[in-house]
Amino acid sequence: MKKSWAGYLFLAPAALHLFVFALLPIGYALFLSVFKWDVLKPNKPFIGAKNYVDTLTDSAFWNAMWNSTKFALVSVPAGLAVALFVAVLVTQRLRGMAFFRTVFYIPAVSSGVAISILWIYIYLPTSGLIASLIQMLNAGIAKANQLLHISLSLLPTDIDFLNDKAWALWALAFMSIWTGLGPRMVLFSAGLLGIPRPLYEAAELDGASRWQCFKQITLPMLTPTTFFVLITSTIGAFQLFTPVYMMTQGNPEDSTRVIGYHIYEEAWSRFHVGLASAQSFVLMVPLFFIALMQERFMRRRLEGFSIQ
Amino acid sequence: MKLFRALGSYLLLSALAAFLAAPFVWMLLVSLHPSKAPIPTIERVVPTRFEEGHKVFDPHFENYKTVLFDSGLPVPIFLLNTVFVTACTVCLVLLFTSMAAYGLTRLRFAGRETFFRMFWLSMMFVGPVLQIPVYLIVRSLGWLDSYYALIVPGASSAFCVFLLRQFFIQIPFDIDEAARLDGASEFRIYWKLILPLAKPALATVAAFTFIATWTDFFWPLLATNSLYMRTLEVGLSVFKNSYGGNNWPMQMAATVIVMVPVLAVFLYAQRYFVRGIILGSTK
C-alpha cells in the first residue's frame, strides 16, 4: 500500500506536465477547431465542422500540403541514401573515422536560424558560394575549350535559387539533406555494426562481390533501421518551418509555402486560430497514421527478438 | 587492393567533410571582414589588406565586440536569457523525467502501464497541432513574455521519459530490492542508488535537452514579445532583419556567437548524443 502512493508521487511532475502541455492542448485544439475563433474579435461563434469543410476545400491549404509532399518525396529518399552511403564509409575499420563522424554530425546540432542565414548566402546569385564554385568550374571549361578547340557551353552563374520558382523548394530540400545527415548516419551506423560479421565471411567464401553482399545481406538486415529513419524523417519533413520562415517566407509564388509555415501564418498573421487548428488536425491524420505504423512495426520486431 | 580501397574511402570522406565544413569556414572568414564589406568572392574570402605592396592577413575581430555591445540590440541580455532558460530547463527535465522513469520501472501501482502508454502516445502529437493551444494555455496562465513561458512548457519531455525508462529497466532489480529490505526509503534508493548508476543516460538527456532548448526558435518567437525577453536564437533573426541587414560580416559574427556554445557542448558530449539516438530508436 505504501509503495502505491510513492509511485504516483514520483510520476506526478512529469504526468502533470504531460497533461497540461500535451493532452489538454490536443483536446483544446479540437475544441478550438469547431469555433470561428479569431484572436482579434471578441465573439467566437460555434460553427461546427465549417473549419474542416473550409480546410478541405481551400486550394491554398492543398497547395501547401502538396509542397510539403513534394519536399518529403525528394528530401527523404535522397537524405536516406546519402546517410546510408556515409554510414557504410564511416563504419569501415579504418583510422580517423571518429573525426569524420564528428564533422558530419555538426550541421545537425547547429542553430536553425544560423544555418538558414548561412544558406541564404550559399544560394545567392553571382556572389554566393555555389555561384562562385560554378564560376571556377566555368574558368576550367573555358580553358579546356581553348586548348582542345571544342565549344562546351558555360554553366549559368546567375540562378537566384531562393527566388526562382523552379528552384526554391529543391534548394530547401538539398539543404535538409545536409542538416539531417548526422542523426541518420548515426542510426545507420548502429544498424550496420549490428549485422553479424560471419554472414559476410560466409558470403565471401561463396565468392560474392561487395555489391552482392550489400544487396543480399546489408539491405535486408538493415530493414528495421531504414524503416525507423524513413518514418521519423517523413514526419520531420512535414514539420519544416525555420528555413522557410528565415529564407523564403513561402515565396516565390507560394512555391515554398509548406504546411508548417502555412498553419503558422493562418494562426499568427491572419489570426484565424480556429481554422488553423482544423488544418493542423487534417495534417495530423496522415502523420499519426505513419507514427502508428512505426509502433506496430517496432512491436513486431521486439516480439521477434523475444521469441529467439 | 585493400590499400586502394582505403585510399578511395579517405578521398570520398574528405570531399564530403569539405562539403559539410565549407559553409562554416566561410562563415568564420566572412565574420572577420570589415563591417559592411560586400560579400567576398571565393578568391578574396580571406580578409587581407595591402601593406608595402604585400598582402597581409587582416582580421577584424572588433566585429564581435560590435555585435555584442554596439549593435543597438541587447545581445548580452539575449545570451543571459538563453543561458538561464537552458540551465533551468535541463535541470528540471533531468529531475522530472528521471523521477517518472523511476516510478515507471521500480514501483508498482495501479495504472502504471496506462501512464506509460500516454507518454508514448504523446510523442506522436506533432508540433503544429500543439502550438496554438499551448500558446493559449500559457496566455491564460498569464505567463506570456516571461521566463515561465520560456521554461515551464519544456520542463519535461515524453521522449526523455521514454529514453530513461529504457535505461532504468536494464539496471538489475536486486540492487534496490536489497536496499528496500534494509529499510531505505524510495527517495533514498532513487537518489543514492539508481541516479548514480544512470549517469550515462542522464548525460544523454542533458545533452539533448541543452541543444534542443538552446537552438529552439519557434516557441520563444511565439511566447515572447519584448526585446528583453528574447533568446539568442530569436535575437539572431531580429538582428538579421534590423542591424544585420545586408551587413554580411556582422551577420556572420552574430551567427558565430550563437553557434559556438552549442558546438562546444556537442564536441564535449558527443558520445552521449550517439548513445541517445540509438537508445531512442530501439523502441
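A contact here means heavy atoms within 4.5 Å. The model discussed below is predicted.

Q: What share of the contacts in chain A with a separation of 6 or more comes from residues 24 or more positions apart?
A: Such residues account for 67% of those contacts in chain A. In chain B, among contacts between residues at least 6 apart in sequence, 74% join residues at least 24 apart.

Q: Why is chain A called more spread out than a compact globule?
A: Chain A has 12 helices and zero strands. Its radius of gyration is 25 Å, whereas the globule rule gives 19 Å for 308 residues; the value is well over the rule, so chain A is described as more spread out than a compact globule. Along the principal axes, the C-alpha atoms of chain A fill a box of roughly 75 × 55 × 30 Å.

Q: Why is chain B also described in relation to a compact globule?
A: Chain B comprises 13 helices and two strands. For its 283 residues the globule rule gives 19 Å, and the radius of gyration of 24 Å is well over this, so chain B is more spread out than a compact globule. The C-alpha atoms of chain B fill a box of roughly 85 × 65 × 35 Å along the principal axes.

Q: What makes B:Cys91 exposed or buried?
A: Exposed requires over 50% relative accessible area. B:Cys91 has 53%, so it is exposed.

Q: How is it known whether B:Cys160 is in a disulfide, and is this residue buried or exposed?
A: The nearest cysteine sulfur to that of B:Cys160 is that of B:Cys91, 13 Å away, and B:Cys160 is in no disulfide. Buried means under 20% relative accessible area; B:Cys160 has 5%, and therefore counts as buried.

Q: Which residues form a nonpolar patch on the surface of chain A, and where is A:Leu152 placed?
A: The patch consists of A:Leu147, A:Leu148, A:Ile150 and A:Leu152, with about 420 Å² of accessible area together. A:Leu152 lies in the loop between helix H6 (129-148) and helix H7 (168-193) of chain A.

Definitions and conventions: Residues numbered from 1 in each chain as written. Chains lettered and ligands numbered in written order. Predicted model: local features only at pLDDT ≥ 70, side-chain atom pairs only at ≥ 80, totals over all residues. Heavy atoms only, no water. Buried < 20%, exposed > 50% of the residue type's maximum accessible area, 1.4 Å probe, protein only. Disulfide = S-S within 2.5 Å. Patch = residues over 30% accessible without salt bridge, like charges linked within 9 Å, V, L, I, M, F, W, Y side chains within 5 Å. Areas by Shrake-Rupley, 256 points an atom, 1.4 Å probe, with all protein chains shown as cover. Salt bridge = Lys/Arg side-chain N within 4 Å of Asp/Glu carboxyl O. Helix = DSSP H or I, 4+ residues; strand = E, 2+ residues; numbered from the N terminus. Rg over C-alpha atoms; globule rule 2.2 N^0.38 Å.
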